[in-house]
Amino acid sequence: MQRQFVRPRSNKVEKQAMSERQSSGAVSKTEIDLFGTLDDGRDVWAVRLDNGCGVVARFITYGARLQSLVAPDSEGRPADVVLGYPDLDGYRSDPNYLGATVGRWANRIADAEFSLDGQCFTLRANDRGNSLHGGERGFSSQLWEIVDRGEDCAMVAMALTSADGEEGFPGEVSAKATFTLDNAGRLSIEYEAVSDRRTILNLTHHTYWNLAGEASGCDAREQLLEIRAAHFLPIQPGGIPTGEVRAVTDTPFDFRVARQPLDPPEAEDPQLDVAGGFDHCWVLEGGKTPEPRQVASLHDSASGRTLDIWSDQPGLQFYAGNFLTAETPGNGGRVYQPHDGIALEPQLFPDTPNQPAFGSAVVEAGETYRNRSIWHIYCA
């Protein structure tokens, strides 16, 4: 199937970034190196995006993953602030989706099935009887192809074709991920996908952040988190939403004013017992929006680093790394433990295909699905 990708019009943030790049004099660059080789002989490439101002992001084509992101602290000292592995073997045995592009369906689908146009589709169950992040062979464990790279900017685009029926999902899907790093430290992530038949799609970015540094040993829940949402989705055992949309007022799920996720109220809500901590979807104000708007912020007081998150999606999954484990050391030599990083994933609501009250997840044949986000890291 021929890929059909239509780039959306530039938003205000992207226009500002272009102006800053032209006036700052900083030299951005994109470099590509071999990262490893799969058993079938296919090469996995690493793409280094350098904004010329101290922020360097490195992506790999296995799972279209963010492998590292180095940013200076308030004293100019660099540190890698995302969890990742230094070699391919770490990713091939990774159960945590570190830095991954996940799809076809991010998050969970109850009982690994859904109905569309009167037909029931049975998916690969890989999480307590549910389908999680696209099944056993989702986008995160497939080899993407580099289809474009920046000549005078820090940018790379990767593409993947998913066959009709893969993991049980209908339609042959052509997906594209475009990563752009500007001189201000804004990492733009744009997902696009087109199917040749009516289907469901929900891609997201699954990086774990620790603004103190991925090898610091600091509990990422000690950093200040703000989520601009007045409601969240309670879940049942297994992580499937109950269908209720609950107000965050007077609950530990209220992050409208920045606070640490390990504040004392955390132990007082049964919902945190269900998930072993925070692993819920917040209902963002305005639903799905034409342009990304700021939805969350993370701040580390010790380093001075701040991460602002912009998205056009209706939901934000916050996972506090409750069951984060690793078999091999990460980029900085540390074997990751629970809460070494937290994930903030802009997306549609979990189990939307089975819960009509959450809206529609259907993408028509030939229609372009999009998920756009901006991750701005800086020191104030």
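**Figure 1. Lining of the largest cavity.** Gly 103, Arg 104, Gly 134, Arg 137, Gly 138, Phe 139, Gln 142, Ser 162, Glu 166, Glu 167 and Phe 169 line the largest cavity of this predicted model. A cavity is a set of points on a 1 Å grid over the protein atoms alone where a 1.4 Å probe fits but cannot get out, and lining residues have an atom within 4 Å of a point. The volume is about 40 Å³, taken as the space filled by probe spheres set on the points, with grid points joined across faces, edges and corners. The count comes to 1 cavity of 30 Å³ or more. By class, 2 lining residues are nonpolar, 5 polar and 4 charged; here Ala, Val, Leu, Ile, Met, Phe, Trp, Tyr, Cys and Pro count as nonpolar, Asp, Glu, Lys and Arg as charged, and the others, Gly among them, as polar.

Local features need pLDDT of at least 70 and side-chain atom pairs count only at pLDDT 80 or more, while totals for chains, interfaces and linings use all residues.

**Figure 2. The second largest pocket.** This pocket holds about 430 Å³ of space. Its lining has 22 residues, and those closest to the centre are Arg 108, Arg 128, Leu 132, Asp 279 and Tyr 319. A pocket is an open set of points with protein on both sides within 12 Å along at least five of seven lines. Helix 3 (270-275) and strand 24 (315-319) each give at least two residues to the lining; helices (H or I, at least four residues) and strands (E, at least two) are DSSP runs numbered from the N terminus. Sorted by class, the lining has 9 nonpolar, 8 polar and 5 charged residues.

Figure 3. The whole structure has 20 aromatic pairs, that is, rings of Phe, Tyr and Trp (its six-membered ring) with centres within 6.5 Å; planes under 30 degrees apart count as stacked, over 60 as edge-to-face and the rest as tilted. Tyr 85 and Tyr 336 make a tilted pair, 6.3 Å centre to centre with 55 degrees between the planes. These two residues are 251 apart in the chain, and both are buried (under 20% relative accessible area with a 1.4 Å probe, protein chains only; exposed is over 50%, partly exposed in between). Trp 209 and Trp 375 are stacked, because their ring centres are 5.7 Å apart and their planes lie at 15 degrees. Since Trp 209 belongs to strand 17 (residues 208-209) and Trp 375 to strand 27 (residues 368-379), the pair ties together parts 166 residues apart in sequence.

**Figure 4. An aromatic cluster and a nearby charge.** Phe 232, Phe 253, Phe 255, Phe 278, Trp 282 and Phe 318 form one aromatic cluster. Arg 259 lies over the face of Phe 255, 4.1 Å from the ring centre; a charge counts as over a ring if NZ of Lys or CZ of Arg is within 6 Å of the ring centre and within 35 degrees of the ring normal.

**Figure 5. Strand 22 and its partners.** In strand 22 (residues 293-299), 6 of the 7 residues are buried, so the strand is largely enclosed by the rest of the structure. Strand 22 runs antiparallel to strand 18 (residues 224-227), with 4 bridges, and to strand 23 (residues 305-311), with 6 bridges; strands pair if DSSP finds at least two bridges between them.

Note on methods: Residues are numbered from 1 along each chain as its sequence is written. Side-chain values use heavy atoms; hydrogens and water are left out.
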